Amino acid sequence: TIKNNADDGDIIFQSDDGSGGTTSYFTLDGGNSLNRFFKSILVEDSLSLSLGTGFDLQLFHDGTNSTIQNAVGDLTITNNQDDGDIEFKTDVIFQSDDGSGGVTTYFLLDGSQAQTRFEKNAQWGDNVKAKFGSAGDLSIYHDATHSYITNATGDLLISSTGDDVQVVGADDVLISVQGGENAIWAKGNAGVEIYHDNAKKFETTASGGKVSSG
């Protein structure tokens, strides 16, 4: 037992500083009730750094891979710095409960392919946009009532290497131009209408087709 009974006293561990003198490596700081480390700490391969009375959070390296493992509650990574980021600069795999008592990968940062891979569905809340492009020019979102695909620059191109391109609606499919003018309106169990300058010019009927004049 190494003990210091002085109120607010410290116990300071010093050793060679590599330059012929001595330096503090760590201190038991009685004034602030904490341990202060002044040099790096090395935990050997396959030995864990455990946090929590029940060893619930563990950090370890097995000689090949590094793992942060949580056994109780949620695992939260928080950055309280205003305008700060959280960066990962190598392969990172995010795993959690698979719904059946095991764990599974939800998404990973794949450095070998320079891409982020999702292995499970991703859900965006109402009015939360998935944006694409450096300036976020293409966005996809749902506002709790309607769904939107919005392009802010250039053309919006839909292509397929398969045989068909299908646009499917539960009832009607309406294609409009900027400003809300109708262009093509396909009505479920009814006809298809084609417009010019928002005026209907042609429509299909049960007996064929109908051209509108004027």
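Reader: What lies over the face of Tyr-141, and at what distance from the ring centre?

Author: Lys-129 does, at 4.9 Å from the ring centre. A charge sits over a ring if NZ of Lys or CZ of Arg is within 6 Å of the ring centre and within 35 degrees of the ring normal. The 4.9 Å of Lys-129 is within that distance limit, so the pair meets this part of the rule. Keep in mind that this is a predicted model, where local features need pLDDT of at least 70, side-chain atom pairs count only at pLDDT 80 or more, and totals for chains, interfaces and linings use all residues. Residues are numbered from 1 along each chain as its sequence is written, and side-chain values use heavy atoms, with hydrogens and water left out.

Reader: Which ring does the charged end of Lys-187 sit over?

Author: The ring of Trp-185. Its centre is 4.4 Å from the charged end of Lys-187.

Reader: What makes Phe-107 and Phe-118 an aromatic pair, and why is it called stacked?

Author: The structure holds six aromatic pairs. In the one formed by Phe-107 and Phe-118, the rings are 5.6 Å centre to centre, with 25° between the planes. Rings of Phe, Tyr and Trp (its six-membered ring) pair if their centres lie within 6.5 Å; planes under 30 degrees apart count as stacked, over 60 as edge-to-face and the rest as tilted. Both values pass, so the pair is stacked.

Reader: Which parts does the pair of Phe-107 and Phe-118 tie together?

Author: Phe-107 belongs to strand β8 (residues 103-110) and Phe-118 to strand β9 (residues 115-118), so the pair links parts 11 residues apart in sequence. Strands here are DSSP runs of E, at least two residues long, and helices are runs of H or I, at least four; both are numbered from the N terminus.

Reader: What about the rings of Tyr-141 and Tyr-148: how do you know that the pair is stacked?

Author: Their centres are 4.9 Å apart and their planes are at 15°, so this pair is stacked.

Reader: Which residues form one aromatic cluster?

Author: Phe-88, Phe-94, Phe-107 and Phe-118.

Reader: Why does Phe-118 count as exposed?

Author: Its relative accessibility is 52%. Buried means under 20% relative accessible area, exposed over 50%, and partly exposed in between (1.4 Å probe, protein chains only). Phe-118, at 52%, is therefore exposed. Phe-107 has 27%, so it is partly exposed. Tyr-148, with 30%, is partly exposed as well.

Reader: Is Asn-182 buried or exposed, and how do you know?

Author: Asn-182 has a relative accessible area of 18%, so it is buried. This residue lies in strand β14 (residues 182-186).

Reader: What does Asn-182 touch?

Author: Contact means heavy atoms within 4.5 Å. Not counting residues up to four places away in sequence, Asn-182 touches Leu-174, Ile-175, Ser-176, Tyr-195 and Asn-198. Ser-176 is in strand β13, and its relative accessible area of 37% makes it partly exposed.

Reader: What makes Ala-114 stand out in its phi?

Author: Its phi is near 55°, a positive value in a residue other than glycine. Ala-114 lies in the loop between β8 and β9 and is exposed, at 72%. Asn-127 also has a positive phi, of about 65°, and is not a glycine. It lies in the loop between β9 and β10 (130-132).

Reader: What volume does the largest pocket have, and what makes it a pocket?

Author: About 1000 Å³. On a 1 Å grid over the protein atoms alone, a pocket is an open set of points with protein on both sides within 12 Å along at least five of seven lines, whereas a cavity is a set where a 1.4 Å probe fits but cannot get out. Lining residues have an atom within 4 Å of a point. Grid points are joined across faces, edges and corners, and the volume is the space filled by probe spheres set on them. The largest pocket has 23 lining residues, and the closest to its centre are Ile-68, Leu-75, Ile-93, Phe-94 and Gln-95.

Reader: Which element gives the most to the lining of the largest pocket?

Author: β7, with six residues.
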